[in-house]
Amino acid sequence: MSFTHLHVATSSGIGSSSSEELAAAASRDGATSLACTDHDGLYGAVKHLQACLHHGLQPVLGVNLAVVEDSEEGPRRRVSGRVVILAHGGGSGGQGTHVPQGAGYRALCRLVSDAHAHTTGRSGGKTPVGVTRRELAARAVDPESGLPVLTVLLGPESDVGLAMYGSRYLKPRTLFKEWLAVLPTGTLAAELVSHPASPKTGGTSNQPPVRMLKLAREHRVPAILSNAVRHLGPEQEHDLPTNRPNPPTGAYLKTSAEMTRLAHEIVYAADLRTSDLHQLLGDTEKLAERCRLDPSEDLGWTRRLLPEPTVLGVGQDAQSELAAQCEAGMKLRFPGLAGTEAPLVQDRLQRELDIIGRLGFAPYFLTVAEVARTISGLGVRATVRGTAVSSLVNHLLGISPVNPLRHGLLFEQFLLDEPARSAELDHSLPNIAFEVDPERSREVHQALFKRFGRERTVLVGTRKTRQAPDDGISPGNVSELGVELPQPGPQRSMDPCGIIVGDAGLLSRTPVQPGPLRLPLSQFGRQDAEALGLMTVEIRSAPAQRLISHVLQEIGRHHPDAAEIDIDAIPLDDGPAFALIGSADSLGCFQDEMPGQREFVGAMAPRDFTELVAATSICRPGPVRGTTIPLLFEHRHGFTNPDDSHPDLQPVLAETHGMLLFHEQVLRIFDIMTGCGLSLADQFRRALPDPLHQDKVARYFAEQAAARGYPDGVVREIWKDLRSTAGLTFSKANGVALTLPGYQAAWLKAHHPEAFLSGLWEHEPERYPRPALLAEARRMGVPVLPLDVNRSSDRCRTERIDGPANAEERSLEVPSADQPSADQPSAKAFGIRRSLTDIPGLSGAELARLLAGQPYASLEDLHSRAELSRTTIRRLAESGALDSLHRPNEGEPIGSELVRQLQRLTTAPPGKRREQMGGQLLLPLDEEQQAPA
């Protein structure tokens, strides 16, 4: 007889073993089901589901939650214990009743969200994650059918279980009756756990489960056996935290035989009969049967969740609406389209629409287009990264600024046609990732929640998990109930990286917890959410977009009457921009740049955008064949000639000087030589690095190429090149997406250097130290103007320079021999003014008062209105920010009068208490406690 473990913690929670390891072991033991009951959430639910499907098990999902006492006033902080809650599967009502499909999982998601609703969503909060008994009772029954959909397990960490260790013998019975009075009939079960005894708890390990079994029999409540699993085997016990008072021992995934012996020991200790042994094991399996979930019917594993058409404003078929929006975008993106280009664009659009239609993805693209319009409506800089730039549909909908036809990008790199999609991709949606200005990412999130509604939108993030100081409740140290217990379980911080958009039932598909700005944050990571069929849209913070936004704002501030620069429409063959890149003076332009990368790109001296993409992409982190970089350099400058390739392949390899660098080139070679089509060609490309599939691909390539008339020698030579570059090529689409912001930054630096340098100074202080930026400004002849209490603001900005710099406008740069000195007229009309935030120790309140009072006529005026501390005034003086407020007498050293004024202003009369400043509270100190002024 197999045994089902119904209380299992995985490595997504406080356990030490992964769902894959646990499922494999359970399958080997002959189990048919396995539960996942992590602490405080369903963080590991999707991985558990995938592991169960892989090993032929039926999944059971639950959660281990703290139970908090009902509180009429104030935060809920008193934890009485912990219970395990299991979700029922559809059709499991029994006695002729049938639970609606998915009702148990929906209730579980809502219950977990309830447990987090009163918390801050961050580690260390005063309010623990937990639910009250009444909240448990409200979710335990399906509101439509009235049938139980959740089962609550009262185990050793519940208030009843903890009372078993106390001296008040009747207390467990009283608490058990309270649970029976609150929970609906059929939603409660007793959990028996027997671990080796601890020296600190005393007694035998079977005493608490024996008492719990007798209590269950007395009140006619099912009793089930579990082992409160936390690791795979006894050898993993050392991986568990050892800083709790009584760490569990024996809490591993025991075999069916071991669990049967354990049940016999408990029944024997309780002085019960063999029939009670069978009943204990039978009730355990009955509950397991009741809680088995159908991945498709209960969890929607193969169903995509997308917003309703009415939410998107679609009044017709989604596919027809998508085609109509693309036609409208065609007129905008390709005005006056005619000649030979027209049929190419139309054919490409129709092919993409056909693939999207066969896959049923039209609602997805319409939703992402609405996301793009919402971001654009805020005036937020955004671009798309990854292979999404390969889609003409994305370009026409305004999602991507990249024209894929211009760069020779293939739609199949972004989305495979239906026949080529593998089983695991059948229900997964594409991935489109936006990069936005980091300073406005939260504004974007709020706008998207407003656009789609809070019931249809949640944040999705990347999860970082660390163990909490205490991973459970120690019954050995509990002498009475109602004590304030430490919050157990792993502390999780999740960084939002996008949103999930769905229909009105989204919050029944994913549990949520408070995120930034108190917006709901899914407990599933992005990849888990996508595997579950949820629609995710990545929204990443990109420093490059923040830099470009700053530069464009500075240009618009000084040229309000000039036409606004459309940075996405600048020419991609700009001479000054390529001259700057070729001179290796592109400091600050490219993401993740390094001096070696800058020098290599400069040495390559790219002449067009494709060469720039190759040069920047080849320096990416990741595997690169050792001879690739020098060969590309030699071929580019004509030092060596590339090997002659077959005439059919020369157009494919010409853009990279005869070298095989891009995924797109591999796809085209497969398609040309075998006629397999681009979708299947991408599958072959993915299989090339795998030794298990490489021979099969080689046979197919040789047979099909020979059938198309290619000589054996040519086929062998080309296959050799394909095999040698397996896993070493990179996506041109990714390269274009990453290179475009860098090229835009280089264009801005070449045409508006002052605004560009002010952006670097403002937004990249950690990436580029001040001396490096000063040297770059000196090289470009851009004056760096000093701090000034009247002219500096809270940001580094460009400032028009009228006439020569004088004593009031001393530049920080040190002129080189071929640059004008600071006292001579500069060839530049603008300099960059440092920000007041460069003053160390300047508080936000002081900065606000300082800016609100500008300009100041004198030091006395500054002192009286800005209400700055003496330390801040001293630091302003030391930085030169007060130089414009005083005029030294003729022949007097610069700064001596300033020193006298500062001493007079900041010296209070002896024995006089300093006046209260705005935003401060005076402490009632005695005279002897007051520090001298």
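Colleague: What makes strand 5 and strand 6 a pair, and do they run parallel or antiparallel?

Modeller: This is a predicted model, by the way. Two strands pair if there are at least two bridges between them. Three bridges join strand 5 to strand 6 (residues 188-192), so they count as a pair, and they run parallel. In that pairing, Val152 stands opposite Leu188.

Colleague: How do you know that strand 3 pairs with strand 5?

Modeller: By the bridge test again: four bridges join strand 3 (residues 79-87) to strand 5, and at least two are needed, so they pair. These two run antiparallel, with Val84 opposite Leu153.

Colleague: Why is strand 5 called mostly covered?

Modeller: Strand 5 spans residues 150-154, and five of its five residues are buried. Buried means under 20% relative accessible area, so each of those five falls below that cut-off. Leu150, Val152 and Leu154 point one way, while Thr151 and Leu153 point the other way.

Colleague: What about strand 13, how many of its residues are buried?

Modeller: Six of its six, across residues 520-525. Strand 13 is joined to strand 12 (residues 512-514) by three bridges, so those two pair as well, in antiparallel fashion. Val512 stands opposite Ser522 there. Five residues lie between the strands of that hairpin, and Leu517 takes a positive phi near 60°.

Colleague: What makes a group of residues a nonpolar core, and which members of the largest one touch the most others?

Modeller: The members have to be buried residues of the nonpolar kinds, joined through side-chain atoms within 4.5 Å. The largest core has 105 residues, and Leu322, Phe365, Phe434 and Tyr743 touch the most other members. Beyond its neighbours within four places in sequence, Phe365 is in contact with residues including Leu322, Ile356, Val393 and Phe414. A second, separate core has 75 residues, among them Leu65, Ala140, Val152 and Ala529. In general, nonpolar side chains tend to be buried together in soluble globular proteins.

Colleague: Which residues that line the largest pocket are closest to its centre?

Modeller: Arg381, Asp566, Ile567, Asp568 and Ala569, out of 48 lining residues. A lining residue has an atom within 4 Å of a pocket point, so each of the 48 passes that test. The space in this pocket is about 1,300 Å³.

Colleague: Which helix gives the most to that lining?

Modeller: Helix 18, with five residues. Other elements giving two or more include helix 13 (362-377) and strand 8 (382-385).

Colleague: And how do the lining residues divide?

Modeller: Into 24 nonpolar, 14 polar and ten charged.

How values were computed
Residues are numbered from 1 along each chain as its sequence is written. This is a predicted model: local features need pLDDT of at least 70, side-chain atom pairs count only at pLDDT 80 or more; totals for chains, interfaces and linings use all residues. Side-chain values use heavy atoms; hydrogens and water are left out. Buried means under 20% relative accessible area, exposed over 50%, partly exposed in between (1.4 Å probe, protein chains only). Contact means heavy atoms within 4.5 Å. On a 1 Å grid over the protein atoms alone, a cavity is a set of points where a 1.4 Å probe fits but cannot get out, and a pocket is an open set with protein on both sides within 12 Å along at least five of seven lines; lining residues have an atom within 4 Å of a point. Grid points are joined across faces, edges and corners, and a volume is the space filled by probe spheres set on the points. Ala, Val, Leu, Ile, Met, Phe, Trp, Tyr, Cys and Pro count as nonpolar, Asp, Glu, Lys and Arg as charged, and the others, Gly among them, as polar.
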